Amino acid sequence: MRLDGRRESSNVEDRRGLSGGAKVGIGGIGGIIIAALFAWMSGGDPLQAGLQAAQQQMQAPTETVGEENFTEEEQELASDCKKILASTEEVWTKVFQDQGWGEYQYPTLVLFTNQVNSACGSATAAVGPFYCSGDQKLYVDLSFFTQMKRQLGVEGNTFAYAYVIAHEIGHHIEYLTGTLNKAHSAMNQTDKVTANQISVRLELLADYYAGVWAHYEDAINHSMEYGDLEKGLELAKAIGDDWLQKKAQGRATPESFTHGTSDQRKRWLKRGYETGDMRTTTFSIQNYNDL
């Protein structure tokens, strides 16, 4: 994915290099790497795993790392994230106008190291990138992309990284359109298995919106290169609930799925990319098994 010469978004809070020992309570939607990855693979609660990891760090001294101590790779990743965010601003502003949904409200990207405070609570890098509707911010520790390569065996390219960010922006779109709050309300009023199924719909819809973003990004800027989509689909496969659970425990337990199977995640990302159709949502499909 070509990003050379593209602008960087100014809607960024760079909190990297700040770490400390505040107590935390995990909030947000998404995380599959480090402690959370193994919890998810075993059918556990990734947010609880993140909390436990954070509690182990509670006594760590606060320190600030100067920008000069960031590696060149990390600085390049930070720049790419800002450029990807700028692209989502451009694309979703146009989509909202075309749909007659009014003005698109920009979210803020927060880059952090180790742990961070949000309106949804405090979290460590263990929960991975996440979106918090309470402050309309998405939170990313850039070490996630290194872990993505090491633990998932996915060789990252710029579009694979973009998919991660675009997925979290997808949750922001769900928030702005009212889907996220309705889904969370329904989840709070039902049993765990049904709540998990609603969660799967939310995650697959965020994957679909990531594909929609890529559809319009390429149409506007002709930035997609040969093999980019395949890298995104490779990552989508590697973060499917069934793939992770089978790798961890030799079997999958569908009733515990919260993000969708590998095939589902690949299918919805690809469908969004191929169609760019905002009339389609995972919630328009009546039969959960047809997702």
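Visitor: Taking contact to mean heavy atoms within 4.5 Å, what share of the contacts in the protein chain with a separation of 6 or more comes from residues 24 or more positions apart?

Guide: Such residues account for 77% of those contacts. This is a predicted model, in which local features need pLDDT of at least 70 and side-chain atom pairs count only at pLDDT 80 or more, while totals for chains, interfaces and linings use all residues. Residues are numbered from 1 along each chain as its sequence is written, and side-chain values use heavy atoms, with hydrogens and water left out.

Visitor: How many helices and strands does the protein chain have?

Guide: The protein chain has 10 helices and 8 strands. Helices (H or I, at least four residues) and strands (E, at least two) are DSSP runs, numbered from the N terminus.

Visitor: And what percentage of the residues is buried?

Guide: Of the 291 residues in the protein chain, 53% are buried. Buried means under 20% relative accessible area, exposed means over 50%, and partly exposed lies in between, with a 1.4 Å probe and protein chains only.

Visitor: Which residues of the largest nonpolar core touch the most other members?

Guide: Trp92, Phe145 and Trp213 do, in a core of 58 residues. The largest share, 11 residues, comes from α7. A nonpolar core here is a set of buried Ala, Val, Leu, Ile, Met, Phe, Trp, Tyr and Cys residues joined through side-chain atoms within 4.5 Å. Leaving out residues up to four places away in sequence, Phe145 touches Leu77, Cys81, Val140, Tyr161 and Val164.

Visitor: Which residues does the second core include?

Guide: The second core is separate and has 9 residues, among them Val116, Val127, Phe130 and Tyr139.

Visitor: Back to α7, then. How do the axes of α3 and α7 cross?

Guide: The axes of helix α3 (residues 72-99) and helix α7 (residues 192-221) come within 9 Å and cross at roughly 90°. Axes are lines fitted to C-alpha atoms, for helices over the stretch in contact, with angles from 0 to 180 degrees between N-to-C directions. The two helices, α3 and α7, are therefore roughly perpendicular. The classes are roughly parallel under 35 degrees, roughly antiparallel over 145, roughly perpendicular from 65 to 115, and oblique for the rest.

Visitor: Which residues meet there?

Guide: From α3 they include Ile84, Ser87, Val91 and Trp92, which meet residues of α7 including Tyr209, Trp213, Glu217 and Ile220. The residues of this contact divide into 9 nonpolar, 3 polar and 3 charged. In that division Ala, Val, Leu, Ile, Met, Phe, Trp, Tyr, Cys and Pro count as nonpolar, Asp, Glu, Lys and Arg as charged, and the others, Gly among them, as polar.

Visitor: Is Glu217 buried or exposed?

Guide: Glu217 counts as buried, at 0% relative accessibility. Not counting residues up to four places away in sequence, Glu217 touches Met1, Arg6, Ser87, Val91, His222 and Ser223. The C-alpha atoms of Glu217 and Trp92 are separated by 9.7 Å, although these residues are 125 apart along the chain.

Visitor: What about phi of His222?

Guide: Phi of His222 is near 50°, a positive value in a residue other than glycine. Most residues other than glycine have a negative phi. His222 lies in the loop between α7 and α8 and counts as exposed, at 55% relative accessibility.

Visitor: Where does Asn114 lie?

Guide: Asn114 lies in the loop between β4 and β5 (115-118). Its phi is near 75°, again a positive value in a residue other than glycine. Asn114 is partly exposed, with a relative accessible area of 37%.

Visitor: And Val110, in which strand is its place?

Guide: Val110 is in strand β4 (residues 108-112) and counts as buried, at 0% relative accessibility.

Visitor: Change of topic: which residues are buried in α10?

Guide: In α10, the buried residues are Ser262, Gln264, Arg265, Trp268, Leu269 and Gly272. What covers them includes α5 (158-176), α7, α8 (228-238) and α9 (241-249). Just after α10, Gly276 takes a positive phi of about 60°.

Technical notes: Contact = heavy atoms within 4.5 Å.
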